[in-house]
Amino acid sequence: MRPLEGITILDLSRVLACPFASMILAELGAEVIKVEQPKTGDETRSFEPMVQGDAAAVSAYYLAFNRSKRSITVNLRSPQGQDIVRQLAAQADVVLENFPVGTLGKYGLDYAALRAVNERLVYVSCTGFGMTGPYANRKGYDTVFQAMAGIMSLTGERGGGPVKPGLPVADLSSGLWVTIAVLAGLTGRDKTGKGSHVDFSMFDGQVGLLSLAAARWFALGEVPERLGTEHPGRIPSAAFVCGDGKWVQITGSDQHWAPLCNLLGLEDWASDAELAKNAGRLARREEVMAGLQAAISRLDRDELCRRCDAVGVPAGPILQVDEVLSNEHVAARGMVVEYPHPQIGRFHGLKIPFRFDGFDDPSVTRPPMLGEHTHDILHEKLSLSDAEIQRLHAEGAI
């Protein structure tokens, strides 16, 4: 048994943040019913890159965030379609949605309307800037939230311009925030017997990640400058280029300083009392960083990592995506999974990174075809006959 078995999630969301959350919840055991627009579905079904199979081309973007769900197509603009969603919500534990503020209210599918049919419902609204405030109706995407919440201002080389991270950090972290919100809502419901509405803003989620940068501002009035891979308050913590042109990240505390200096042949620094403490190294940042880089440039990356491992200095090679996905430890942990798909054959994905003692581990099944489960869900959940389902098709409701 997986930990979320018995939980039903009605997922009205699309694109990335909420679908990522609902995939996590699905692979932890929840039944996720993904509601998609008839004919087109989640717009990411058409996003690049496409995987070309014998039967069709399928979006790898869609595959990455929609495993282990059931798909039903419902026209939310249709009164009959709206009624289907209300009936499904009456039986669900959770509703996820990421429509612009006010949209679902026009369809009679907002929290107030659905709570009327299910007071135990946990309803999570994921919007760009939240349900209230001066930006509530403003549009935004991942990079806009990164920009406005300060993430880009912190990212980039010393003296250079702002840089976005290599992954959609706002979308991905918002998916994790939404997952936390769902689990918190369900836990609270277990105590009170009543559901709740969660107003989650992706912008707020990014502001919430400022953490250490905010702490430095609150403590010192300091606006952090871009430092590349360097840490503003710790030395060493940076990427260094090795003698073979490969890169390594070394991050250590005071107890690692002397062992690091000794393995690099910097014995004088190892015995320098002023440098033994982080504050002293910060005071001499330019000198220390230049000296470390000069010593590291005399060693190949793998040799340096071996030496660091031998004396307990935290260090790791900076790997490219292909190196990560073929890494021996990634393989040993079973992080790369494979599943069959009827249109493209077998495809790979990354598993949910939990291992349970006391529950079954997360499991992976393929993403659904568009509307694949419409008939079954309407029959199982709403007890509709084949004739009634055919009529809904004819009316454009599904």
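1. Which residues is Val182 in contact with, leaving aside its neighbours within four places in sequence? In this predicted model, the contacts of Val182 beyond those neighbours are Leu25, Val94, Leu96 and Val124.

2. Val182 also belongs to the largest nonpolar core, which has 32 residues. Ile9, Val94, Leu96, Val178 and Val182 are the residues with the most contacts inside this core. Two or more residues come from each of helix 1, strand 6 (94–97), strand 7 (122–127), helix 8 and helix 9 (202–208). Helix 1 is the element that gives the most, with 8 residues. Another core, of 29 residues, lies apart from this one; Leu10, Leu382, Ile389 and Leu392 are among its members.

3. Helix 1 (residues 17–27) packs against helix 8 (residues 169–192) with the axes 7 Å apart and an angle of about 50 degrees between them. Helix 1 is therefore oblique to helix 8. Their crossing is right-handed. On the helix 1 side, the contact is made by Ala17, Cys18, Phe20, Ala21, Ile24 and Leu25. Helix 8 contributes Asp171, Leu172, Ser174, Gly175, Leu176, Val178, Thr179, Val182 and Leu183. By class, the residues of this contact divide into 11 nonpolar, 3 polar and 1 charged.

4. Ala21 deserves a separate entry. This residue sits in helix 1 and is buried, because its relative accessible area is 0%, against a cut-off of under 20%. The C-alpha atoms of Ala21 and Trp177 are separated by 8.2 Å, although the two residues are 156 residues apart along the chain.

5. The crossing of helix 11 and helix 15 is right-handed.

6. In that pair, Pro259, Leu260 and Leu263 of helix 11 meet Leu304, Arg307, Cys308 and Val311 of helix 15. The residues of this contact divide into 6 nonpolar, no polar and 1 charged.

Methods. Residues numbered from 1 in each chain as written. Predicted model: local features only at pLDDT ≥ 70, side-chain atom pairs only at ≥ 80, totals over all residues. Heavy atoms only, no water. Axes fitted to C-alpha atoms, helices over the stretch in contact; angles between N-to-C directions. Helix = DSSP H or I, 4+ residues; strand = E, 2+ residues; numbered from the N terminus. Parallel < 35°, antiparallel > 145°, perpendicular 65-115°, else oblique. Left-handed = near helix turned anticlockwise from the far one by under 90°. Contact = heavy atoms within 4.5 Å. Nonpolar A, V, L, I, M, F, W, Y, C, P; charged D, E, K, R; others polar. Core = buried A, V, L, I, M, F, W, Y, C linked by side-chain atoms within 4.5 Å. Buried < 20%, exposed > 50% of the residue type's maximum accessible area, 1.4 Å probe, protein only.
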